[in-house]
Amino acid sequence: MEQRIGFIGLGNMGSAILQGILASQTVTAEQFYVYDINPEATDALKQQYSINVLETAKDVAKESDIVFIAVKPNNMSEILTEIQKELKKSTVVVSIAAGITIKAIEAVIGYDQKIVRVMPNTPALVNSAMCSITPNTEVSAEELLTVRALLNCVGLTEVLPEYQVHSATGVGGSAPAFVFMFIEALADGAVKGGMSRKQAYKFAAQTVLGSAKLMLDTGKHPGELKDMVCSPGGTTIDGVQVLEEKAFRAAVIDAVEACINRSKMLSGEK
Ligand SMILES: NC(=O)C1=CN([C@@H]2O[C@H](COP(=O)(O)OP(=O)(O)OC[C@H]3O[C@@H](n4cnc5c(N)ncnc54)[C@H](O)[C@@H]3O)[C@@H](O)[C@H]2O)C=CC1
Ligand SMILES: O=C(O)[C@@H]1CCC=N1
């Protein structure tokens with residue numbers, strides 16, 4: 001890939017995507033042009049890779065063919081205003097900000113700019129992200145393919161209509177936090193039973209990873225896979241009963257719904 005790739009904001013998510021793309025070797029470090037208001041965010045990356053760290057967001061916008069904006073939603077408007085004059089008509093602006101609609105971005109940088117809205121997640125850091133991708137009407141099929149190819153370097157992608165991005169935020173962007181809470185809780189249970197903390201985290205994390213892989217690789221329904229674990233009169237079904245009594249599924253559904261509602265609120269839909 002020959003495009004010059006910009007990143008404005010290199011916090012948790014920006015640096016995860018950048019490092020995931022670098023690890024895939026699809027783009028060389030020299031093709032990256034980056035800026036973060038906090039020099040500490042770029043210092044470590046600069047030491048590790050020969051990326052171009054620039055002085056301002058404007059410089060990044062000027063240099064890039066595709067520019068990822070990875071700042072917090074409340075910083076989006078100031079960044080878009082700042083870079084607006086530097087964007088070429090051919091520049092593809094990729095926003096990963098939760099709750100910021102394509103329309104809101106167009107309102108600042110122009111309705112004729114190419115915009116792709118993405119909802120990624122932090123497993124991008126280990127090339128295992130799940131990203132939703134939504135282009136505006138200015139983005140060509142080829143440009144969409146290029147952005148998708150970049151994001152495929154860091155995991156799986158699905159192109160979604162914008163109204164589904166709220167769900168993608170709940171089940172994708174935010175969900176790693178819930179999974180880590182689950183892993184922590186699984187390990188706490190094992191520690192309670194006498195296992196060392198270190199071993200408990202290894203068991204819990206590998207079990208979550210393996211279970212997800214089993215479902216993705218076999219294509220089997222999660223209910224069928226759950227049934228395969230529950231031996232009649234065995235250990236698992238007792239645990240399943242406890243989770244049902246404590247409304248585990250309802251709690252998870254409510255958590256995803258809370259993310260969806262918050263995303264709608266940030267978008268001005270609620
Ligand atoms: N953290 C996550 O798991 C996910 C985050 N997102 C979205 O990604 C975006 C970034 O989130 P995080 O990386 O978690 O936040 P973060 O706080 O870790 O990173 C934001 C970065 O932007 C920089 N920044 C702030 N103002 C700036 C400016 N004016 N110019 C240049 N850089 C500036 C900060 O110094 C910081 O390094 C947010 O919009 C969020 O909604 C989306 C999906 C998942
Ligand atoms: O919590 C947030 O707002 C961001 C978006 C999805 C994950 N983290």
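Of the 25 residues around ligand 1, which come nearest? Asn12, Met13, Asp36, Val71 and Ala98 do. The model is predicted: local features need pLDDT of at least 70, side-chain atom pairs count only at pLDDT 80 or more, and totals for chains, interfaces and linings use all residues. Residues are numbered from 1 along each chain as its sequence is written.

**View 1. Residues around ligand 1.** A residue counts as near if one of its heavy atoms lies within 4 Å of the molecule. Helix 1 (12–24) and helix 4 each supply at least two residues of this shell. Helices here are DSSP runs of H or I, at least four residues; strands are runs of E, at least two.

**View 2. Polar contacts of ligand 1 (pairs of N or O atoms within 3.5 Å).** A polar side-chain atom of Asp36 lies 2.6 Å from a ligand 1 oxygen. For a polar backbone atom of Ala98, the distance to an oxygen of ligand 1 is 3.0 Å. Of the 830 Å² of accessible area that ligand 1 has on its own, the protein covers 83%. Such areas come from the Shrake-Rupley method with a 1.4 Å probe.

**View 3. Lys89 in a loop.** Lys89 lies between helix 4 (76–83) and strand 5 (92–95). Leaving aside neighbours within four places in sequence, Lys89 is in contact (heavy atoms within 4.5 Å) with Asp112, Gln113 and Lys114.

Technical notes
Chains lettered and ligands numbered in written order. Heavy atoms only, no water. Polar contact = N/O pair within 3.5 Å; in protein donor to acceptor, adjacent residues only side chain to side chain.
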